[in-house]
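Visitor: I would like to learn how to read the packing of helices and the nonpolar core in a model such as this one. Could you take me through it step by step?

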Amino acid sequence: MKRLILLMVIVSIPVIMAVAQSEMTVEESYLQESVENMIIREQSRSESREMKMIALSYIGDAIDRGNKSEEVRKALEYMSLEGTINRTQENGRLVNNYPDVRRESVRYLGLLGTEEAKDTLLTIIYYDNEPMVLQEAIKSIGDIGIDDSGKSIATIAWIVQKFDNTIPDNLLALSAIEAIEKLAKGSSKSLDPAAVQMLIRIAEGNYIRVVQDRAKQVLANLRAPR
């Protein structure tokens with residue numbers, strides 16, 4: 001009986017918390033968000049990888065509730081550049097290189113969907129060398145869909161060519177194809193020739209058939225009247 005009562009209490013906790021949050025005043029809600037932002041900021045700058053991952057889980061919850069504050073963006077920016085631009089060394093050895101942290105940070109930047117988030121993602125593409133981080137950055141840029149200057153498409157084409165000249169990466173290429181398609185659909189400007197050249201390079205390059213076919217499909221779709 002005692003175990004049953006304890007289980008009922010545990011199950012009821014989320015419901016009680018949700019009701020309490022719904023009854024918060026505007027001032028209380030703002031204060032709660034400020035505390036949350038402060039905790040996220042401090043955790044994101046911790047030296048511990050585990051603490052950063054906890055910060056990312058909090059950020060995911062915050063974004064789901066609509067908290068896309070500047071503090072959240074700055075925390076994501078810091079973690080997404082950690083190990084590349086934000087470097088900590090001990091005895092000449094890089095000690096804060098956490099690609100999985102950068103990848104998750106990049107994914108959440110895409111969910112923020114702002115111009116500032118997109119600019120950070122473009123910076124990441126220039127400075128990061130981890131394919132899994134770059135794949136997520138390209139995907140997030142496509143999801144944001146902002147490319148008024150054409151810089152996003154040009155940067156994506158550049159990174160694909162960089163890898164193509166060394167070790168072609170199928171997942172990176174596929175992310176680039178999908179992002180180019182999204183950016184082209186969301187733009188009123190004519191498509192950058194660099195994007196077309198990139199798609200042709202993938203379609204004829206050393207990639208698996210499914211990636212080549214996807215590039216050909218997007219080329220055909222872009223050719224059709226919009």
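Predicted model: local features only at pLDDT ≥ 70, side-chain atom pairs only at ≥ 80, totals over all residues.

Visitor: At what angle do helix α8 and helix α10 pack, and how far apart are their axes?

Guide: Helix α8, residues 151-164, packs against helix α10, residues 193-204, at an angle of about 30 degrees, and their axes are 9 Å apart. Angles under 35 degrees count as roughly parallel, and α8 and α10 are therefore roughly parallel to each other. Their crossing is left-handed.

Visitor: Which residues meet where α8 and α10 are in contact?

Guide: From α8 come I153, I156, A157, V160, Q161 and D164, which meet A194, A195, M198, R201 and I202 of α10.

Visitor: Which residues touch the most other members of the largest nonpolar core?

Guide: That core has 50 residues, and I59, I156, M198 and I202 are the ones that touch the most other members. Helix α9, residues 170-185, gives the most to this core, with 7 residues. As for I59, once its neighbours within four places in sequence are left aside, its contacts are I40, V72, A75, L76, M79 and Y108.

Visitor: Is S152 buried or exposed?

Guide: Buried means under 20% relative accessible area; S152, which lies in helix α8, has a value of 0% and is therefore buried. Not counting residues up to four places away in sequence, S152 touches K118, L122, I141, I146, D147 and L183.

Conventions. Residues numbered from 1 in each chain as written. Heavy atoms only, no water. Axes fitted to C-alpha atoms, helices over the stretch in contact; angles between N-to-C directions. Helix = DSSP H or I, 4+ residues; strand = E, 2+ residues; numbered from the N terminus. Parallel < 35°, antiparallel > 145°, perpendicular 65-115°, else oblique. Left-handed = near helix turned anticlockwise from the far one by under 90°. Contact = heavy atoms within 4.5 Å. Core = buried A, V, L, I, M, F, W, Y, C linked by side-chain atoms within 4.5 Å. Buried < 20%, exposed > 50% of the residue type's maximum accessible area, 1.4 Å probe, protein only.
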